[in-house]
Amino acid sequence: MTAGPSDKDGEDDGGIGDAGIATKTKSKTQKPPLYKVLLLNDDYTPMEFVVHVLERFFGITHDQAVDIMLTVHKKGLAVVGVFSFEIAETKVTQVMDYARRNQHPLQCTMEKE
């Protein structure tokens, strides 16, 4: 009679070999950092164009756009919105490209919140 694989030492390890200790690690999920999109004042871009940009690219009402435009005009800059990195980067690129195509020096930037 031949001995089977589990019979050689009288113990069956289930084919696992050396058993280790299982450890659980808890990973904390972090929220991704957010970025502020800012519009900067200049002396050349018409106010109406800034209002149009705010309505078109940020989906805000006319009244909100006028308020933000006036803040940019009076204070030199204003936060237009807070977004994830990818969305903020896209908004900045869209605004800058649109301003250049329309020959306006409007500046739009982003910074970590």
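Tutor: A salt bridge is a side-chain nitrogen of Lys or Arg within 4 Å of a carboxyl oxygen of Asp or Glu. The structure shown above is a predicted model, and this definition will be applied to its lysine 91.

Student: Which side chain of opposite charge is nearest to lysine 91?

Tutor: Lysine 91 belongs to helix α3 and is buried. A salt bridge requires the two charged atoms to be within 4 Å, whereas the nearest side chain of opposite charge is 13 Å away from lysine 91. Lysine 91 therefore has no salt bridge. The side chain at 13 Å is that of glutamate 86.

Student: Which residues does lysine 91 touch, not counting those up to four places away in sequence?

Tutor: Lysine 91 is buried, and its place is in helix α3. With residues up to four places away in sequence set aside, lysine 91 touches Phe57, Phe58 and Phe83.

Student: How many salt bridges does a search of the whole structure find?

Tutor: Side chains of opposite charge can pair when their charged atoms come close. In this model, glutamate 111 and lysine 36 meet in this way, at 3.2 Å from N to O. The pair links strand β3 to strand β1, across 75 residues of the chain. For the whole structure, the number of salt bridges found is one.

Student: Is glutamate 111 buried, partly exposed or exposed?

Tutor: A residue counts as buried under 20% relative accessible area and as exposed over 50%. Glutamate 111 has a value of 37%, and its partner in the salt bridge, lysine 36, has a value of 22%. Both values lie between the two cut-offs, so lysine 36 and glutamate 111 fall in one class: partly exposed.

Student: In what order do the elements of the chain run from the N terminus on?

Tutor: The chain has three helices and three strands. From the N terminus on, they run in the order β-α-α-β-α-β.

Student: What is the order of the three strands in the open sheet?

Tutor: β1 pairs with β2 over seven bridges, one of which joins valine 37 to glycine 81 and another leucine 34 to serine 84. β1 is also joined to β3 by six bridges, and here leucine 40 stands opposite glutamine 107. β2 and β3 each have a single partner strand, so they stand at the edges. The pairing is antiparallel, and the order is β2-β1-β3.

Student: By what angle are neighbouring strands of this sheet turned against each other on average?

Tutor: The sheet is open and has three strands. With direction ignored, its neighbouring strands are turned against each other by an average of 25°.

Student: At about what angle to β3 does α3 run?

Tutor: Helix α3 lies across β1, β2 and β3. Relative to β3, α3 runs at an angle of about 165°.

Student: What span should the 12 residues of helix α1 have?

Tutor: Helix α1 covers residues 47-58, and each residue contributes 1.5 Å. The expected span is 1.5 Å times one less than the number of residues. The end C-alpha atoms of α1 lie at a distance that agrees with this expectation, which is 16 Å.

Student: Which elements are included in what covers the buried residues of α1?

Tutor: The buried residues of α1 are Phe49, Val50, Val51, Val53, Leu54, Phe57 and Phe58. Histidine 52, also in this helix, is partly exposed, because its relative accessible area is 32%. The cover over the buried residues includes β1, α2, β2 and α3.

Student: Is histidine 104 buried or exposed?

Tutor: Histidine 104 is in the loop between α3 and β3. Leaving aside neighbours within four places in sequence, histidine 104 contacts Thr45, Pro46, Phe49 and Ala99. Its relative accessibility is 17%, and the cut-off is under 20%, so histidine 104 counts as buried.

Student: What percentage of the contacts between residues at least 6 apart in sequence joins residues at least 24 apart?

Tutor: One link between distant parts of the chain is the pair glutamate 111 and lysine 36. Among contacts between residues at least 6 apart, the share that joins residues at least 24 apart is 71%.

Note on methods. Residues are numbered from 1 along each chain as its sequence is written. This is a predicted model: local features need pLDDT of at least 70, side-chain atom pairs count only at pLDDT 80 or more; totals for chains, interfaces and linings use all residues. Side-chain values use heavy atoms; hydrogens and water are left out. Helices (H or I, at least four residues) and strands (E, at least two) are DSSP runs, numbered from the N terminus. Buried means under 20% relative accessible area, exposed over 50%, partly exposed in between (1.4 Å probe, protein chains only). Contact means heavy atoms within 4.5 Å. Lys and Arg count as positive and Asp and Glu as negative; His and the chain ends are not counted. Two strands pair if DSSP finds at least two bridges between them. Axes are lines fitted to C-alpha atoms, for helices over the stretch in contact, and angles run from 0 to 180 degrees between N-to-C directions.
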